[in-house]
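Here is a set of questions on how the terms used for a protein model follow from its values. Each answer sets a value beside the definition that it has to meet.

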Amino acid sequence: MQYFERAEGGENAILVHLTISKMSDPNDLEEFRLLVNSAGANELEIITGSRAMPHAKYFVGTGKADEIAQAVERHGADIVIFNHELSPSQERNLEKLFKCRVLGRTGLILDIFASRAKTHEGKLQVELAQLNHLATRLVRGWTHLERQKGGIGLRGPGETQLETDRRLLQIRVGQLKAKLDKVKQTRKQGRAKRQKSDVPTISLVGYTNAGKSTLFNRLADDNIYAADQLFATLDPTLRRVKWAGVGNVVLADTVGFVRHLPHELVESFHATLEETLEADLLLHVIDTASDTLHEQIDAVNDVLDEIKADAPILLVYNKIDKSGEDPTIVYKEQGVPHRVYVSAQKNLGMDKLTQAVSELLVGKLSTYHLTLPFNAGQLKSALHELDVIDDATFGDDGREMITITLAKDKLKELLGKFGLMAHDVLPQDEADTLLPELEEFEQRTLTVSDEQDLDEFCL
């Protein structure tokens with residue numbers, strides 16, 4: 001029985017991009033070329049075209065399919081890569097025509113992910129996504145095995161080779177999901193410990209190649225892999241960082257997003273994306289110099305909506321060294337930081353980013369001048385830990401006088417924690433800014449006289 005033998009995959013590629021009416025973005029082609037480059041393929045030729053709607057058999061029309069086949073033969077190409085999602089039958093028909101391997105956009109992204117996954121968790125997630133994608137494509141290249149086994153010594157339970165493959169695939173998918181559930185439980189326990197110790201989590205999200213890993217390295221003083229290519233980062237990275245005005249935080253670098261991100265990838269990487277779901281603050285890193293800035297923002301927001309992320313978001317406009325903006329913070333009407341302009345590569349605006357994050361996590365920062373009593377060693381240590389002391393001198397009476405930049409609520413919390421009164425450490429005018437809330441708290445405390453009042457007070 002004759003059947004089509006699949007050719008071995010290679011790196012010499014013909015690229016195909018079709019403009020479908022009312023469905024295509026003019027910037028998709030450049031991103032497609034970046035994806036192919038990230039996969040390590042050698043671009044031989046780009047064939048473009050347009051149709052009102054995809055062809056049922058070949059996706060492209062028969063004339064365009066013949067043109068691609070001639071290009072494959074002319075260049076001796078190993079693979080044809082489409083910037084589109086092809087159905088299993090379309091892939092099979094095209095492979096028979098081209099006599100080489102055919103890959104759609106999802107398969108291309110999966111190949112990049114497979115080459116970049118380094119950790120055990122990342123490899124599990126990539127394999128799960130690959131198997132989910134493969135499940136509908138098992139028939140391709142196996143047409144000689146689609147009939148039941150028969151003959152002497154070959155009679156069995158009546159299961160075809162394809163049915164066997166599908167059953168084994170489902171078994172493996174179940175195993176991978178069980179392993180990822182364990183990873184999910186481990187991550188959940190880690191997040192519970194951080195929440196119990198009041199350590200906030202800040203997750204970096206954004207379009208692929210927006211500069212998340214470079215920013216992560218700058219903030220965490222680390223050297224994780226960062227490159228000017230799509231999906232340079234695949235495995236999530238967590239680091240404990242001391243953040244001025246906040247204290248210890250957990251900084252998380254996550255996989256980059258892309259337009260038309262395959263749904264099976266979102267499902268498979270849900271364990272990783274949960275770091276985004278459980279974050280106290282999201283830093284949405286944006287490539288300010290990109291020509292498709294707004295489309296990239298929309299693509300990231302679409303994924304965040306799909307995973308139902310509802311944490312506060314600070315827009316971090318990166319690469320201002322290329323776009324010409326100045327480092328600055330832009331506030332909403334109510335004084336809440338909305339976006340900040342930085343360059344992680346050139347170390348521009350990092351102080352602005354630090355300030356904006358501090359204000360979002362603990363409140364607006366103010367300057368205070370404290371005169372520390374001799375028994376305020378614990379308070380001083382806590383302020384050093386927060387890295388908020390701007391200046392320190394000693395007065396004539398031997399007491400230390402320090403200038404700090406801190407949120408009002410955080411200072412009130414520290415004074416209460418160490419049993420100090422505002423007027424004991426602050427000038428009259430600065431102490432008065434803290435007193436109204438403190439007096440209200442003391443008054444409410446004094447009026448609690450019975451169990452019912454106590455319940456209302458706690459509420």
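Q: What makes up the secondary structure of the chain?
A: The chain has 18 helices and 14 strands, where helices (H or I, at least four residues) and strands (E, at least two) are DSSP runs numbered from the N terminus. The model is a predicted one, in which local features need pLDDT of at least 70 and side-chain atom pairs count only at pLDDT 80 or more, while totals for chains, interfaces and linings use all residues. Residues are numbered from 1 along each chain as its sequence is written, and side-chain values use heavy atoms, with hydrogens and water left out.

Q: Why is Leu-15 called buried?
A: Buried means under 20% relative accessible area (exposed is over 50%, partly exposed in between, with a 1.4 Å probe and protein chains only). Leu-15, which is found in strand S1 (residues 12-20), has a relative accessible area of 0% and is therefore buried. Of the 459 residues of the chain, 47% count as buried.

Q: Which residues is Leu-15 in contact with, leaving aside its neighbours within four places in sequence?
A: Contact means heavy atoms within 4.5 Å, and the residues that Leu-15 touches on these terms include Phe-32, Val-36, Glu-43 and Ile-81. Glu-43 is 28 residues from Leu-15 in sequence, yet the two are 7.1 Å apart in space, C-alpha to C-alpha.

Q: Why are H1 and H4 called oblique to each other?
A: Axes are lines fitted to C-alpha atoms, for helices over the stretch in contact, and angles run from 0 to 180 degrees between N-to-C directions. Angles under 35 degrees count as roughly parallel, over 145 as roughly antiparallel, 65 to 115 as roughly perpendicular and the rest as oblique. The axes of helix H1 (residues 28-38) and helix H4 (residues 105-116) cross at roughly 40° and come within 9 Å, and the two helices are therefore oblique.
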